[in-house]
Amino acid sequence: MSTYYTHSLDSLPLTDSEKQAVTKVMAQYQFRANDYYLSLIDWENPSDPIRRIIVPHPDEARGWGALDPSSECDYTVMPGLQHKYSDTAIMLASDVCGGLCRFCFRKRIFMDGSEPAKVDVPEALRYIEGATEISNVLISGGDPLLLSTARLEEIISGLSAIPHVQFIRIGSRMPVFDPYRIINDPALVKMLGSYSRPGSKIYIQTHFNHPNEITEAAQKAVHMLQRAGIILTNQTPLLRGVNDDPEVLADLFNGLARMGVPPYYLFVCRPTTGNQHFTVPVEEGYTILQAALRHCSGPAKRARFCMSHATGKIEVLGVTEDQVLFRRHRAPADKVAGEIFAFPRNPRATWLDDYLDTEADSAEALQAESAALDLPDLCKTCGAGVPRPN
Ligand code: SF4
């Protein structure tokens, strides 16, 4: 099967009024999809999760959020190269993806008139060579697996030649968006496998968001990569209307575990412009995750619930009767990794910054709001949120 990519809504079974409703959105954010991924949508179901991931929605036009919610620009040392955590560099090697997720936190790089995000590879390699504290590099984008195999090999071989780069990660949603990119290019798989060596593996961090994405083709692509010696892990944001149901999340985690792809991060959806309808409040998200994990076996319950915040990767550790506990899982140079801190509960908070404002809210008001939102009661033993019985 070869994959046909489209930027037009014309081939989709949408009504004229549905197309009309997203005219403003389409003028701002591109649409991109392909026939394989679109074939996963049940068009009879207006709430289909794959449709929600890929088809523009009028709510994207709401003025909310920031185009660079994690302040990636502050850690960009040259176009397309970020150096936030001392041991890790991120290279934006591609400015195109197999589709455009409507919740994309880097949608700014796909907008008309945006600054070129792609890295100058030789310059980036020189920077990494000079920064001996960098032990691993994440090749990201856009999607690096949309580069030609030869172009991707140039980058990987350049990085592999730097003695202090101990391993390379590739962020790619191609096993999900278009597994045939992998299935139909054995040379790509062979090339990746040739750089995944004893003591220095190639990782692919992929992004399955919903169990419906775990198709036979996706399983085959994943298996081909694994057989070549690539280590795969998965990260996904928690998305309203896509995977914010404990059963769906458990199905996703268990499906990943069956493929041998450990769930690695469950991310709090970043407050990116146009993403308000995807966000799930932090405390509700924690409760959904705990409920999902009750239906997962060991290999399926490895995901950390984290926020990629401007000040570091912040893990949501737990919820007590009146507080939310966080741990700074990763930190830039001026912060302390491992630090644990707490804020008073705020059921409306969708991002760390929202907790900074909670002092203005009285405990009684928050409690009343929590009840109104039907948030869970707390476990008296461990403090974790547990769903109320129906
Ligand atoms: S795959 Fe990643 S970078 Fe590409 S559109 Fe989706 S979220 Fe954005």
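**Briefing: a predicted protein chain with a ligand**

In this predicted model, the mean pLDDT of the protein chain is 90, and 90% of its residues reach 70 or more. Residues 365-390 have a pLDDT below 50, and in the model this stretch has 40 contacts beyond near neighbours in sequence.

**Overall fold**

- The protein chain contains 14 helices and 16 strands.
- Its radius of gyration is 21 Å, close to the 21 Å that the globule rule gives for 390 residues, so the chain is as compact as a globular protein of that length.
- Along the principal axes, the C-alpha trace of the protein chain spans about 60 × 55 × 45 Å.
- Of the contacts between residues at least 6 apart in sequence, 75% join residues at least 24 apart.

**Interior**

- Of the 390 residues in the protein chain, 38% are buried.
- The largest nonpolar core has 83 residues.
- The residues with the most contacts inside this core are Met 91, Val 137, Ile 168, Leu 225, Leu 238, Phe 253 and Cys 269.
- Leu 225, one of these, touches Ile 182, Val 189, Leu 192, Ile 204, Ile 230 and Leu 232, leaving out residues up to four places away in sequence.

**Around the ligand**

- The residues around the ligand include three cysteines, Cys 97, Cys 101 and Cys 104.
- Leu 100, Arg 106, Asp 143, Arg 173 and His 207 are also around the ligand.
- By class, this shell has 4 nonpolar, 1 polar and 3 charged residues.

Methods
Residues are numbered from 1 along each chain as its sequence is written. This is a predicted model: local features need pLDDT of at least 70, side-chain atom pairs count only at pLDDT 80 or more; totals for chains, interfaces and linings use all residues. A residue is near a molecule or strand if its C-beta atom, placed from the backbone, lies within 6 Å of it. Ala, Val, Leu, Ile, Met, Phe, Trp, Tyr, Cys and Pro count as nonpolar, Asp, Glu, Lys and Arg as charged, and the others, Gly among them, as polar. Helices (H or I, at least four residues) and strands (E, at least two) are DSSP runs, numbered from the N terminus. The radius of gyration is taken over C-alpha atoms; the globule rule is 2.2 Å times the number of residues to the power 0.38. A residue is buried if 20 or more other C-beta atoms lie within 10 Å of its own, exposed if 12 or fewer, and partly exposed in between; C-beta atoms are placed from the backbone. Two residues are in contact if their C-beta atoms, placed from the backbone, lie within 7 Å. A nonpolar core is a set of buried Ala, Val, Leu, Ile, Met, Phe, Trp, Tyr and Cys residues joined through C-beta atoms within 7 Å. pLDDT is the predictor's confidence in each residue, from 0 to 100.
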